[in-house]
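Colleague: Could you take me through this one while I have it open? I will jump between topics as we go.

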Amino acid sequence: MVDSPSPRVGLFATCLVDLMRPIVGFAAVKLLEDAGCTVSVPEAQTCCGQPAYNSGDNSDTIDIAKGVIATFEAFDYVVVPSGSCGGMISHHYPVLFEDDPEWKARAQAVADKTYELLAFLYDVLKVTPAAAFDGTVTYHDSCSGLRELNIKDQPRALLGNVTGLSLSEGNETETCCGFGGLFCVKYPDISEKMVDAKVADIVATGADTVLAGDLGCLMNIAGRLQRRGIPIQARHTAEVLAGMTAAPAIGEPMGPDNTHKVSKV
Amino acid sequence: MDATSLNFKNNARGAIADDPLQKALAKLAVGFPLKRAQAAARLPEFEGLRDQARDIKNHVLENLDLYLEAYEEKVIASGGHVHWCATAADARETILKICQDAGAKTVTKSKSMISEEIAVNGFLEDNGIEPIETDLGEYIIQLRKEPPSHIIAPAIHLSKEQVAETFRNAHIDLAANRPLEEPRALLEEARGKLREKFLRADVGLTGANMLIAETGTNVLVTNEGNADLTNNLPRVHVVIASIEKIVPTLEDATTILRVLARSATGQEISVYTTFCTGPRRPDDLDGPEEYHVVLLDNGRTDMIGSEFHEMLRCIRCGACLNHCPIYKSIGGHAYGWVYSGPMGAVLIPNLIGMEDAQHLPNASTLCGKCESVCPMRIPLPKMLRKWRERQYRAEIGSKQVRWALHAWAWLAKRPKVYRYVMSLGIAMMGQFGGAGRFKSVPFAGGWTSKRDLAAPTGDTFISQYHKGARGDQSGELIRRKIMR
């Protein structure tokens, strides 16, 4: 457990979760609140800046990063349901401000308290949420989470506690799925080749669901599975851990009211 | 060679459609990485050796002038000659002059990426001297007039059937109906052809895996022994090497050797590791009468102190190629020049120019696998990003992408406007997203040409959250948590 009885957590939802799959945000809030955190979701958040950063546009990246830092620096922790965006804040933000000591210090302070969601639950809060999921899943290690944040054991340990879930590991879980942000639209042929290799590895596991911690990878993998008519579902790991799997999987048809089931409290 | 890097997208498309290439890449994709992983696992100190190897090269690069001069002194003291060449053209001229002075008609060569970089073969041919590649892979691609597709396995892109066809076309003096199905038969045939050329050559041209300042020695690493016949049999031995190949001592060389073969092929050490120091001494049984070292800069000194400084630690093991999902999808030729893979994507823009090589640093997901296996711990993804920064500043690349990024960044910096615009956009997309996903979306063809696009599932998370919505807990949730 952490020192503070109720750590104040700022949830950086990520632009993809915000726009494309809100249920991951709700799952993150629930997991954090169940673990005793006081969660805030600042309205001033947009994106971590990776599209600009990975395109070499450091000036826009710096402006966007300043916004994120100012919005989140008051919290005890910043938690991100993505290894990619989490890695951006915790590894790349400080590098952006090499020539600006004041902002470098502020960036480093935020970087030091920023965690990917599953790593935060397992490594910092040391909780293992109890959940149930009926099915065989396989897990894709997203590149930034794996290689920048060392997220490998945490999701497996957390999934190991889910009743009814069995994990069937692929041979190439650590190989990139071919998403790469703008890469997948700039170089679609190479990206297709890569995601097909990923799909083949997933199919070979016999799993009925593929899980990962990054919505970018998941939308890429789900989109390719669906384009090829392969009936394997894709979900963010947080959805399973929070027990929010009643909602359709990524890219699957929605309920009759045209929304995911989200209840008001 | 003329670079085709600017044509990268077409090159890549062609490579993906090339069946023999794809079969070869599928084999490479499994073989090399597995062997490297096993070799690393067998050596408990492997990770520590990587740190040591990195530190050795960092120290060399900090003191390069000093070590180069010390090395030159030792080469001269052992009876050799050192030729300093600023450019590829200087190096070609220097090598030609040495060959002409030796009255050379043929030059045997062991595999050298620097010799590919300076395109010395065509230059020698144009001047009436026949260069003969003696590494099996290099021999095959020389017959086919192709550049190497991999820095340690230059003919990895070819099937044995393609090699057999190449040999039938080239060795027309041999029986047309000879069996060439087995790799062994191909090897024997090449060996027979090369043996006579080894004996006839006037000059032997080799590269160098390392140059040792302490002793004035060049180190050659091969699995075929062809380098030994190249440096020993002809009367003149010429070493072509770039300036960053220096290591201070014999001990440092052995440290790097311990990570080199393990990273490259998963071997503990290559089959042949040869140390050449100067020409034949009076009591030596064999060796060349003349020993020349052509030291090439070709842009390296400009890299020192730049954001690409650390690239100069590269020992050309090929691990970054073997583990790169992009390389494994398209092979080496798509990169359009003599180097390929992540190391090529960083190095090529330095050598042929950022504009011509503009695709290479962008054709990466920055997945980081290369850096995780690089024996010299070169931060390749960081340097790919540095090229993207330079390109962005120089306004190289698609105008449309640039414009779209600007529009997006403008919004991302203004949360209130961003929320408003995104909610509108999401609502619009949601109108058409009842099937859960899209088969095609205007302006998103790059995505939907290959995969479906999941539809947004209602209003944005942040908007819903602030209207009081919370997660649906009606599923299989068990309301209990276990504290560890």
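**Strands, domains and contacts**

Modeller: In chain A, strand β3 (residues 77-80) pairs with β4(A) in the parallel sense over three bridges, where strands are DSSP runs of E with at least two residues, helices are DSSP runs of H or I with at least four, both numbered from the N terminus, and two strands pair if DSSP finds at least two bridges between them. This is a predicted model, in which local features need pLDDT of at least 70 and side-chain atom pairs count only at pLDDT 80 or more, while totals for chains, interfaces and linings use all residues. Residues are numbered from 1 along each chain as its sequence is written, and chains are lettered from A and ligands numbered from 1 in the order in which they are written.

Colleague: Which residue stands opposite V79(A) in β4(A)?

Modeller: That is Y115(A). Helix α5 (residues 83-96) of chain A lies across β3 and β4 of chain A, running at about 160° to β4(A); axes are lines fitted to C-alpha atoms, for helices over the stretch in contact, and angles run from 0 to 180 degrees between N-to-C directions.

Colleague: And what is the strand order in that open sheet of four strands, with its parallel pairing?

Modeller: The order is β2-β1-β3-β4 in chain A. Because β2 (38-40) and β4 (114-116) of chain A stand at the edges, each with a single partner strand, one side of each is left without a neighbour in the sheet. From one strand to the next, the twist averages 30°.

Colleague: What about the open sheet β7-β6-β8-β9 in chain A, how many strands form it?

Modeller: Four strands form that sheet, and the pairing is parallel. Its edges are β7 (162-167) and β9 (233-236) of chain A, each with a single partner strand, so one side of each has no neighbour in the sheet. Neighbouring strands here are turned by 40° against each other on average, direction ignored.

Colleague: How is chain A divided into domains?

Modeller: Chain A has domain 1 (8-122) and domain 2 (129-241), with bounds that come from an automatic or database domain assignment. Their centres, taken over C-alpha atoms, are separated by 22 Å. The contact between them takes 28 residues from domain 1 of chain A and 23 residues from domain 2 of chain A, two residues being in contact if their C-beta atoms, placed from the backbone, lie within 7 Å. On the domain 1 side, the largest share, six residues, comes from α2(A).

Colleague: Switching to chain B, at what angle do the axes of α9(B) and α10(B) cross?

Modeller: Helix α9 (residues 160-170) and helix α10 (residues 183-200) of chain B cross at roughly 35°, with axes that come within 10 Å. K160(B), V163(B), A164(B) and F167(B) in α9(B) meet P183(B), L186(B) and E189(B) in α10(B).

Colleague: And the two chains together, how many residues does the contact take from each?

Modeller: The contact takes 69 residues from chain B and 89 residues from chain A. On the chain B side, helix α21 (residues 415-431) of chain B supplies the largest share, six residues.

Colleague: Last one, what is the mean pLDDT of chain A?

Modeller: The mean is 94, and 94% of the residues of chain A reach 70 or more, pLDDT being the predictor's confidence in each residue, from 0 to 100. Over residues 257-265 of chain A, however, the pLDDT is below 50, and this stretch has 27 contacts in the model beyond near neighbours in sequence.
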